[in-house]
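Q: I'm new to this one. Can you put it up so we can go through the charged side chains?

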Amino acid sequence: MGLSTERGTRRVRRRRSRAALAVRTAAALTAAVVGVTGCDAVGGDSPAPSGSASKRTEAAPVWDTSPESVAAVGDSITRGFDACTVLSDCPEVSWATGSSTKVDSLAVRLLGRAEAAEHSWNYAVTGARMADLTGQMTRAAARKPELVAVMVGANDACRATTSAMTSVADFRAQFREAMGALREKLPKAQVYVASIPDLKRLWSQGRTNPLGKQVWKLGICPSMLGDADALDAAATLRRNTVRDRVADYNEVLREVCAKDRRCRTDDGAVHAFRFGTDQLSRWDWFHPSVDGQARLAEIAYRAVTAKRP
């Protein structure tokens, strides 16, 4: 090949290289402009990291305030335990998926009564702890719900003794595992996580009821409800230990959920709710009554439909 031919070939290659660079630069600038204006226009829930034009295009809100299907996971509260009859589940009054007109569950409020009957499922199990959540999430994922409602953790604190309570580290690991199991199957499903109720307040409300205290003796949350009338230093320490562990659990729920763009908590609303005697089961004075379930549904609906968490 002659020298002039070689130079000509190099000039052509340089022109092509400059043209390709110009195209790539223009594309990058366009993406950056679109990403910034998109974020400003819609106010995305999770801003993309600065300096990444491609990621800024993902800054639009990822939370849908009107999902079209709901699956519930958790424990006895989500099963409506002791709300209708003594020591029995009553899922029709569940705050999450129940059909009762006295509750207007989260599913009913979001989907309408007819649609909720077809597109909501309750996989909660009375007595379940955080260690059981992965299995429930896996079963729920098979339905491909657009929203998964979670309320679990009370039974991790409600043990025979305070030393038997689930450690905070295990609680965190188990919740992460459950969220990972869901994400493996449904990466875009939304998750609403309710905080754990204030168990010490439930004790203080129910301890004046003779029937409730008799039911407590059957084994309902012994770490908090055992020796219900005892007010000595040891009993107070025991109850405060349970109270503090619940606060730690709620912080874990908040922290783990905050790392998932499609997860929202109730911001502690269930824990802060001041359950009165009208909101507690007339059999055990500990689990939510039908009215209590309705209050939980209201809290959940507000959290799920809020424009921002």
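Q: Which residues gather in a patch of negative charge on the surface?
A: D64, E68, E115, E118 and E146 do. This is a predicted model, where local features need pLDDT of at least 70, side-chain atom pairs count only at pLDDT 80 or more, and totals for chains, interfaces and linings use all residues. Residues are numbered from 1 along each chain as its sequence is written, and side-chain values use heavy atoms, with hydrogens and water left out.

Q: What is a patch made of?
A: Residues with over 30% relative accessible area and no salt bridge, with like charges joined within 9 Å. Asp and Glu count as negative, and the charge is placed at CG of Asp or CD of Glu. Areas come from the Shrake-Rupley method with a 1.4 Å probe.

Q: Where does E115 lie?
A: In helix α4, residues 113–119. Helices here are DSSP runs of H or I with at least four residues, and strands are runs of E with at least two. E115 is partly exposed, because its relative accessibility is 41%; buried means under 20%, exposed over 50%, and partly exposed is in between.

Q: Switching to salt bridges. How many does a search of the whole structure find?
A: It finds 9. Each one has a side-chain nitrogen of Lys or Arg within 4 Å of a carboxyl oxygen of Asp or Glu.

Q: Which side chain meets D89 in a salt bridge?
A: That of R79, at 3.5 Å from N to O. Both residues lie in the loop between β1 (70–74) and α3 (106–111), so the pair ties together parts that are 10 residues apart in sequence.

Q: Are those two buried or exposed?
A: R79 counts as buried, at 17% relative accessibility. D89 is partly exposed, with 34%.

Q: What about R113, which side chain does that one meet?
A: R113 and D104 meet in a salt bridge, 2.7 Å from N to O. R113 is partly exposed at 36%, and D104 is partly exposed too, at 27%.

Q: And where do R254 and E251 lie?
A: Both are in helix α11 (residues 233–258), 3 residues apart, which is about one turn of the helix.

Q: Last one: which residues are linked in a network of salt bridges?
A: D291, R295 and E298.

Definitions and conventions: Patch = residues over 30% accessible without salt bridge, like charges linked within 9 Å, V, L, I, M, F, W, Y side chains within 5 Å. Buried < 20%, exposed > 50% of the residue type's maximum accessible area, 1.4 Å probe, protein only.
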